[in-house]
Each structure stands twice: as C-alpha cells, then as structure tokens.
Amino acid sequence: MNFENLEEEALIDLVKGGDRFAWEYITKEYYQAILNFINGMVKDWETAEELVQDIFVNFWSKRESLNINLSLKAYLYRSARNHTLNFIKRRNFERDYQKGVAERMVISSNDTEDTYHFSELEKRLSEAIEELPEKMKEIFKMSRFEDLTYKEIADALDIPVRTVHYQIGLALKQLREKLKGHVDPSLMALEGGIVVGLIIDYLLQFNLF
C-alpha cells in the first residue's frame, strides 16, 4: 500500500487496526525529527536514541486507545516532550537518591544489620535475574552489567532495537515483582525500572554484586 497518498486520519486508523506497515511508515517519517528534538533536551545522542524508541514503541503498543485530537506531528512531539521530561525527572531523582544512599552507607558502614540486609538483597536479586527467561536474561545482563546501549545489543544479537527495549522493560517489571518484600515499601511504590536500576547501581558501587 502507498501510505504517502493516504490522509493522516486514515493512516492513524490503519495503525489502530493493527497495521504494522502503517506504523513502520510513521516511524520512518518522524523518527529523525523526533530524535533531534529529544537530543535538544537531553544533550546526549545515545539517551535520545533510547527515548525515541520508547515513543514509537509506545505509539504501537497503545494503538487501540490512541486519541489524537491535533495533528499526528503535534501528538508525537508532545509525547516526546512529556516522556523526555519524565526521564529527566527520574534521572535527577536517581542521582539524588544514590548520593543519599552513599552518604548513609558511609555513616552505617559498620552496622551489622545493614550489612546483612544488603547481603540478602544481593542474593535475592541474583536469584531473580537468573530466573528470567534465557533470552531476556541475556539482553538484561548485556544492558545492566556490560553497559551496552540498546543498539549495541541489537547489533550483537541481530535483533531489532525495539525488541531489546521490550525485553528489558519486561525484565524490569518481573524483577520488581520478585523483589517485593526485600526493599523498602516506599521505594517499591516507584516505577519498576527506577527501583531495580537503583538497587543494581548501588550494589555495583559498593562491590556487593
């Protein structure tokens, strides 16, 4: 089908109906512009690449409930702006939290109870990661422990970047569920990716993992 000749409303209706080719056409048409827009906010191309993937993956996954009152372009830019602002807020929170954890750890470095708690947390996290499905576990470890970008992982495994994103998202959700009862309830109320990311970063920082 020649999507270039379709009215925008018809193109959106195709996506809502599950037409993956229509979604891929929209992604191709707007990807670079949205990428440039996001990079202007975060000033980092690798981060912008991951965030722009989020935008178009979410556009597809939420296709049945799409409610586009303005133009498609305006909708995508607004989604990109909101998603990027949320990312920046989470990033700032993580930095502040890690700084606070480090300061508290120095103060309580000799506390036996704290040492035991983090030892148990390390054990449970290791078990939870090993319980992930094989492919998901491989992708997750490459991202979190080998510090590879989504694109590098996709190239190494010869899979689409969106598959890497999807698998890591599922892994974070599963790990969050498995860590319930082992982490401060106030932290578990946060988004799953933040919780797991903070825990892993913390354990790595203090050589506990």
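**Figure 1. Arg20 and Arg63 at the ring of Trp60 in a predicted model.** Arg20 lies over the face of Trp60, 5.2 Å from the ring centre. Arg63 places its charged end over the ring of Trp60 too, at 4.0 Å from the centre. A charge sits over a ring if NZ of Lys or CZ of Arg is within 6 Å of the ring centre and within 35 degrees of the ring normal. Trp60 counts as buried, at 14% relative accessibility. Buried means under 20% relative accessible area, exposed over 50%, and partly exposed in between (1.4 Å probe, protein chains only). The model is predicted: local features need pLDDT of at least 70, side-chain atom pairs count only at pLDDT 80 or more, and totals for chains, interfaces and linings use all residues. Residues are numbered from 1 along each chain as its sequence is written, and side-chain values use heavy atoms, with hydrogens and water left out.

Figure 2. Rings of Phe, Tyr and Trp (its six-membered ring) pair if their centres lie within 6.5 Å; planes under 30 degrees apart count as stacked, over 60 as edge-to-face and the rest as tilted. This rule gives 5 aromatic pairs. Phe3 and Tyr25 make a tilted pair, 5.6 Å centre to centre with 35 degrees between the planes. The pair links distant parts of the chain: Phe3 is in the segment before helix H1 (8-16) and Tyr25 in helix H2 (residues 20-42), 22 residues apart. Both Phe3 and Tyr25 are buried. The Trp23 and Trp60 rings have centres 5.5 Å apart and planes at 45 degrees, so this pair is tilted. Trp23 belongs to helix H2 and Trp60 to helix H3 (residues 45-61), 37 residues apart. Trp23 is buried, at 4% relative accessible area.

Figure 3. Helices (H or I, at least four residues) and strands (E, at least two) are DSSP runs, numbered from the N terminus. Asp19 caps the N-terminal end of H2, with a side-chain oxygen 3.0 Å from the backbone nitrogen of Phe21. A polar contact is a pair of N or O atoms within 3.5 Å; within protein, one must be able to donate a hydrogen and the other to accept it, and residues adjacent in sequence count only if both atoms are side-chain atoms. H2 bends by about 50 degrees at Tyr30. This bend is the angle between axes fitted to the seven residues ending there and the seven starting there. Buried residues of H2 include Tyr30, Tyr31, Ile34 and Leu35. Lys43 follows H2. Its phi is positive, about 60 degrees, although Lys43 is not a glycine. Lys43 lies in the loop between H2 and H3 and counts as exposed, at 66% relative accessibility.

Figure 4. Thr84 lies in helix H4 (residues 72-107). Thr84 counts as buried, at 0% relative accessibility. Neighbours within four places in sequence aside, Thr84 is in contact (heavy atoms within 4.5 Å) with Ile38, Met41, Val42 and Leu51.

**Figure 5. Asp158 and helix H8.** Asp158 is found in the loop between helix H7 (150-157) and H8. Phi of Asp158 is positive, near 55 degrees, in a residue other than glycine. Asp158 is exposed, with 72% relative accessible area. Among the buried residues of H8 are Val164, His165 and Gln167.
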